[in-house]
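User: Hi! I'm new to reading protein models. Could you walk me through a few features?

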Amino acid sequence: MILFKLSLRNIKKSFKDYTIYFFTLILGITIFYSFNSLETQSVTLNLSKVDSNSITIITTVLSAVSVFVAVVLGFLIIYANRFLMKRRNKELGIYMILGMGKVKISRIIVFETILIGLISLVVGIILGIATSQVMSIVVANLFEADMNKFKFAISYSAIIKTIICFLIIYTLVTLLNIIQVNKCKLIDLIKSNQKSEQVKIKNPYICIIVFILGVAILSYAYYNVTLGQENLQASISVYLQIVYGVIGTFLVFWSLSGFLLKVTMSMKNVYFNNLNSFTIRQISSKINTTVVSMSIICIMIFVTICIFSSVISMNTTLKSDMKNLARADISIQKDNQSSNTKLTIKKVLEDNGLEVNKELKDIVNFNSYATSQVTKKETYGSYYKILNEKFKSEGMDTTQIFNTPEILVRISDYNKIATLYNKPTYTLNDNQFMIISDYKNTTTWYNNGLKDGTSFELNGKTYTAKYKECKDGHLMMMSNANNLGFIVVPDDAVDESMISGEFLAANYNKTNKYDKQKLEDKIVDIQKVLENKNILMYISTKIDIYNDNIGTSAMGIFVGLYIGIVFLISSAAILSLKELSDATDSKVKYGTLRKIGIDEKMINKSLFIQTGIFFGFPLVLAIIHSIFGIQVANMMLETFTKNSMIKSIVTTALFLILIYGGYFVVTYLCSKNIIKED
């Protein structure tokens, strides 16, 4: 009982030392619970069956990610615990001088770990329950759920998972502490405050050379992922840029201490002004002893910024795409050439229980056409030869690609569906054509040909392009811009013998979400029947597109935020603990400054600058990395637009200020308390 009271008194007495530890533990537990309670939170919203399936998939993925997160948090907590044990070496030595055995000291450590664990678990889970309610609002916003059905919910499964996870981490921490106590020697504990980390002074000229080399390697990688993107065709080329980035980052931090010292010492007016010489040498020493840590932290922050920016931008872009690509309730395509039946789309739907004229409205129904006279070889124009060589070099069958007949659509039919989709309508002269495409690659190929004046001959008549570029549009609604292109021609350019397929687009003749979902379910059942009958008819609906995009968007957001926040907490906590450790080791130095007459305001200013620069260096380099890294993400995902870029940057900045800035403020205040005169 006495040992337990002593443990409790120790925690109260050293609360300022435990601040960052508690802060990190509680944040970790809060986040872990919040993301693992997602399924319980979503149940309260009464989501549709499809949305519930999306949530189930997301929670399954989050459970797998939680294993990785638990490992990261485990290492972080163990690292933080090492700092606390280092702070208490002299205290443990005094216990041994007073005759307390290592077994009893170990018990004190065990009691303290249990108390800290219990307090952080309770507080973290309470905050997690509160935060998870906010998560419900995010889910409701993403899946457009009815917030009137929201109920306060507690996920007992998430609580159990959180307790088990952190119980394992605390057990490991306790075992490591016991091992450390049993291995320590009295003389080492008593003199621990007299020891400091050995700092090797680096040759400043070598540092300058290494710094320039590091900057050169990073610049080369930056160039390759921006202006030199065309050279990054193979996966190995992309991976090489990552390797260059890691090496360049390490070299910059390795050389930074000597480089910084050399540059500032050459500026006499700056170096010898106030406490600048002391401040700069302190910063140089900190960076010199944390080269690997700073490099890893910089890369983790860089990854966090890229993840945050990408998932936020992806969500914005997907929402924009949904509004642009799904402007009717249903679109259907039937391939007459491949199908064994000549039934029309209306007939197929009615035979399977859908009353087309009664249950659908704003119906647009027309045929598409194709002929061997108009192939991609003709419509790519002069750019055909360049593409042909390129595809051949990649081992592709160019004959099959370029001899594929183009889809032809009458101008009157296209204008009908364009009106339904709220797209621009056009007019053509009797010898003109135009190309409609929204897929990036094929649009580029068509445009390169159109610039030089593409034309083709159909039934003995020559048709020329009205426009020098493709126009945006589509016939079938899809979850992304995948219209590879079709040709719009005058009505009399084609005849019934060229019919290749049929299209139908319409809106549901229903007013509320519930009735629309019932009709959607009926159409899903019809699709299954058609598949069993081998009738080739592709059906795409607005609800289906929204569900696909929302599911993808939600998956990216939750996984990205989960990993990003944990990485950010880990990075900030490691920097914070290192800064606090250095403040402890430098307490005597600050005492000496007071003795020679330096006032408290100047000392605090020096400490603030040290903390700011120590936190700032990895952040600044990570931001520079992310400027180019985001461009790589954009190249791979094609998610960034001007509006989404601004939104993602602002949101990411808010996360950085809230978490990283929060750690900076707490670290400065705790360091200030540590160096205070006793």
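User: Which helix holds Ser 309?

Analyst: Ser 309 sits in helix α13. Do keep in mind that this model is predicted.

User: Is Ser 309 buried or exposed?

Analyst: The cut-off for buried is under 20% relative accessible area. Ser 309 has a relative accessible area of 2%, so it is buried.

User: What does the side chain of Ser 309 make a polar contact with?

Analyst: Its partner is the side chain of Thr 652, at 3.4 Å.

User: How do I read helix α13 and helix α22 as a pair?

Analyst: Two packed helices are described by the angle between their axes and by the distance between those axes. Here, α13 (residues 291–325) and α22 (residues 542–585) pack at about 160°, and their axes are 8 Å apart. Angles over 145 degrees count as roughly antiparallel, and α13 and α22 are therefore roughly antiparallel to each other. The crossing of α13 past α22 is left-handed. Sorted by class, the residues in this contact are 22 nonpolar, 10 polar and one charged.

User: Where is Ile 526 found, and which residues does Ile 526 touch?

Analyst: Ile 526 belongs to helix α21, which covers residues 513–532. With a relative accessible area of 3%, Ile 526 is buried. Leaving aside residues up to four places away in sequence, Ile 526 touches Leu 349, Asn 352 and Leu 354.

User: How many residues apart in sequence are Ile 526 and Val 348?

Analyst: They are 178 residues apart in sequence, while in space their C-alpha atoms are 9.3 Å apart.

Note on methods
Residues are numbered from 1 along each chain as its sequence is written. This is a predicted model: local features need pLDDT of at least 70, side-chain atom pairs count only at pLDDT 80 or more; totals for chains, interfaces and linings use all residues. Side-chain values use heavy atoms; hydrogens and water are left out. Axes are lines fitted to C-alpha atoms, for helices over the stretch in contact, and angles run from 0 to 180 degrees between N-to-C directions. Helices (H or I, at least four residues) and strands (E, at least two) are DSSP runs, numbered from the N terminus. Angles under 35 degrees count as roughly parallel, over 145 as roughly antiparallel, 65 to 115 as roughly perpendicular and the rest as oblique. A crossing is left-handed if the near helix is turned anticlockwise from the far one by less than a right angle, and right-handed if clockwise. Ala, Val, Leu, Ile, Met, Phe, Trp, Tyr, Cys and Pro count as nonpolar, Asp, Glu, Lys and Arg as charged, and the others, Gly among them, as polar. Buried means under 20% relative accessible area, exposed over 50%, partly exposed in between (1.4 Å probe, protein chains only). Contact means heavy atoms within 4.5 Å. A polar contact is a pair of N or O atoms within 3.5 Å; within protein, one must be able to donate a hydrogen and the other to accept it, and residues adjacent in sequence count only if both atoms are side-chain atoms.
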